[in-house]
Amino acid sequence: MKRINISENGINMVFEVTDEQQLLLLHFSCLELDEATLGKSQHKQAFQFLELNVSGFDRPYERHGNKYIVTAPGYRMTFKGIEDTRNEQGRVVKVSLEDKETGLETVTDIQFYDGVSVARFITTVTNNGSEVYGLDYVSSFNLSGIEKEGKTSQEDKLEIYIPHNSWYREMQWRKYSLHDLGMDECMETLEQHSSKPIRVSNVGNWSTKEFLPMALIRNSETDSNLFFQIENNGSWYWEISDSEGHLYLAVSGPNEIYSHWYKELKTGESFTTVPVAVGTTKGSFETAFGELTKYRRKIRRPNTDNDKLPVIFNDYMNCLWSNPTEEAEYPLIDAASEVGCEYFCIDAGWYSDGYWWDSVGEWKESKKRFPHGLKSLTDYIRSKGMIPGIWIELEVMGINCPLAKEVPDDWFFCRHGKRAYDRSRYQLDFRNPEVIKFADETIKRLVDDYGVGYLKIDYNIEPGIGTDVNADSFGDGLLGHERAYIDWLKKTFEKYPELIIENCSSGGMRIDYALLSQCSIQSVSDQADYKYNCVLAANSPSALTPEQAAIWSYPMTEADDENVVFNIVNSILLRIHQSGHLAKINPSGRALVKEGISVYKTIREDIKNAVPFWSLGFGTFQDDFLSLGLDCGDKAYIAVWRKEGEDDSVILPLGFSAKSVRCIYPSFNEWEYSLQSNSLEVELKKPYSARLFEIEK
């Protein structure tokens with residue numbers, strides 16, 4: 001038996017190689033390993049570093065139910081070697097295992113990032129044997145003993161934070177105990193196992209339609225956090241359950257049982273898992289999201305958009321509602337330019353004379369809507385000092401699109417010999433070279449012919465479990481398409497390095513860092529009522545960096561001043577996604593929009609390097625007061641919103657010592673605010689009012 005200790009950036013990992021050459025991961029924590037927490041030595045097999053399941057193999061040990069433990073041949077994989085090197089990002093540890101009977105070999109790359117308490121895990125499985133083997137599960141990260149630190153019961157000390165996600169209701173975090181999730185500590189002996197995992201997953205191409213691909217496990221006794229995010233734009237899976245007297249966490253991409261994924265490996269072939277980032281910190285849950293924010297910036301494609309944070313106007317939300325015309329656009333362009341917008345995006349409908357939903361797919365302008373041509377409009381946008389943008393839904397074709405009737409079925413997702421439908425659209429398959437060629441030609445035409453510098457790529461269908469065309473399983477086809485789409489994005493940015501591509505999927509149905517490592521900006525939600533946007537704004541930096549989170553600001557046509565301010569504060573610490581009928585709102589309202597954008601331009605240099613904090617915790621739709629803070633080092637910004645309720649004031653704990661505070665938006669503020677021993681007290685006298693403060697530390 002030997003130990004391998006790795007300490008890097010506040011992360012402590014301890015491996016053990018047993019006398020039988022089995023590799024165990026005994027510890028992954030910001031804390032030092034306490035040997036007494038491991039339990040009896042005969043039960044260390046629960047600390048399996050990797051789980052790998054191949055069809056046709058027996059599982060000799062008891063596991064109960066569909067839990068991803070005691071996988072075969074995972075349980076018998078032996079240690080082959082470890083490499084410890086560095087690259088430009090930080091330390092890299094490569095761990096190799098093998099199964100001599102089958103010839104299967106795994107290499108797990110553990111990438112650390114200098115100055116960040118997060119490591120990224122990716123495993124590649126290679127078939128060096130003489131037979132074909134079918135994979136149905138490979139863990140990206142597997143850790144047992146997540147409850148072991150501290151002396152109190154797991155029920156008393158563990159808090160599980162799970163982010164629920166839904167259309168119009170994105171990023172809704174809830175805190176659970178194990179009891180809340182149906183996992184009580186009631187086993188009398190270590191040999192007993194429950195049959196129930198706490199299980200969270202996604203199946204399909206909308207990666208975040210029910211949950212964000214991440215979670216946080218907090219130990220309140222030791223004041224420590226374990227957190228992770230799964231970086232895939234489709235199916236993913238994680239579970240917590242018990243094994244050999246400990247709780248384990250298993251994180252992966254798709255699998256056979258829950259995701260319809262199965263992959264055959266012929267001799268010499270390899271499969272690489274979905275990346276998973278895992279971090280650990282001491283302190284409040286906010287420290288975890290600070291580290292995740294820094295990590296997300298490390299893995300993101302370098303781009304000028306996330307450096308400059310330009311202000312975008314989009315003509316959709318509470319404005320033209322996908323009914324653009326030449327006549328309607330010109331006044332909006334003038335108004336957007338006047339208030340200080342830097343990009344102007346024409347949203348859906350520009351390609352169809354009338355109803356367009358089921359005929360999308362050719363992306364040619366409507367002469368009826370734009371009798372002088374779309375180019376004349378984009379030229380006018382540029383003449384007003386803004387860069388033109390356009391909406392497109394490139395991954396789909398409507399069932400009544402003429403082109404969809406001409407191309408073969410293998411352009412699309414198919415199941416059981418039939419094209420897969422959703423909401424009168426077909427899903428294009430980016431594994432097909434002809435689809436890639438079509439996508440390339442479309443982008444080239446939009447950029448070259450129309451002078452577009454911004455693309456809002458939307459995605460409004462969920463095509464289901466995948467496709468069986470040229471695939472070993474539905475999930476195999478789906479994952480292949482998703483990876484091909486990411487590769488296409490990378491190559492598109494290589495061709496057009498200044499092009500901004502907004503990631504949108506009915507708003508926030510694909511908030512994941514497979515896509516957000518490439519796309520510089522994310523449409524967070526389609527939420528059409530500004531009163532609820534504050535909840536989404538407050539929670540956004542938990543899911544993505546502030547400078548990537550586009551939040552709508554859309555003052556109503558007959559808006560009073562507080563309506564306008566509330567809308568601006570919704571977006572001012574993130575990315576301003578301006579809309580609303582700016583050409584029709586009253587002069588006072590338009591002046592407040594202009595003032596808000598002007599303030600934003602003075603603070604955006606700080607936003608791109610800041611980390612978030614939440615004085616009132618994550619927001620919910622039931623809260624009367626919400627807040628979001630950005631810590632910028634020597635100063636901080638904090639937004640506070642009042643929805644309803646009887647109280648006119650709120651106290652915001654700051655978590656740091658403050659020297660001074662001032663309200664920086666709006667300029668007309670007459671309500672009281674004051675610093676009180678590491679807290680800020682704010683008066684908001686009207687329901688649905690908001691303010692932005694700058695605090696000097």
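**Helix packing around α10**

Phe 289, Thr 293 and Arg 296 in helix α3 meet Pro 541, Ser 542 and Ala 543 in helix α10, where contact means heavy atoms within 4.5 Å. The residues of this contact comprise three nonpolar, two polar and one charged. The model is predicted, so local features need pLDDT of at least 70 and side-chain atom pairs count only at pLDDT 80 or more, while totals for chains, interfaces and linings use all residues. Residues are numbered from 1 along each chain as its sequence is written, and side-chain values use heavy atoms, leaving out hydrogens and water.

**α3 and α10**
- Helix α3 spans residues 285-299 and helix α10 residues 530-543; they pack at an angle of about 65°, with axes 8 Å apart.
- That makes α3 roughly perpendicular to α10 (65 to 115 degrees).

**α10 and α11**
- Helix α11 covers residues 561-571 and packs with α10 at an angle of about 25°, their axes being 9 Å apart.
- The two helices α10 and α11 are therefore roughly parallel (angles under 35 degrees).
- On the α10 side, Tyr 530, Lys 531, Asn 533, Cys 534 and Ala 537 meet Asn 563, Phe 566, Asn 567 and Asn 570 in α11.
- The residues of the contact of α10 with α11 divide into four nonpolar, four polar and one charged.

**Burial of α11**
- Ten of the eleven residues of α11 are buried, so this helix is largely enclosed by the rest of the structure; buried means under 20% relative accessible area, with a 1.4 Å probe and protein chains only.
- Among the buried residues of α11 are Glu 562, Val 564, Phe 566 and Ile 568.

Technical notes: Axes are lines fitted to C-alpha atoms, for helices over the stretch in contact, and angles run from 0 to 180 degrees between N-to-C directions. Helices (H or I, at least four residues) and strands (E, at least two) are DSSP runs, numbered from the N terminus. Angles under 35 degrees count as roughly parallel, over 145 as roughly antiparallel, 65 to 115 as roughly perpendicular and the rest as oblique. Ala, Val, Leu, Ile, Met, Phe, Trp, Tyr, Cys and Pro count as nonpolar, Asp, Glu, Lys and Arg as charged, and the others, Gly among them, as polar. Buried means under 20% relative accessible area, exposed over 50%, partly exposed in between (1.4 Å probe, protein chains only).
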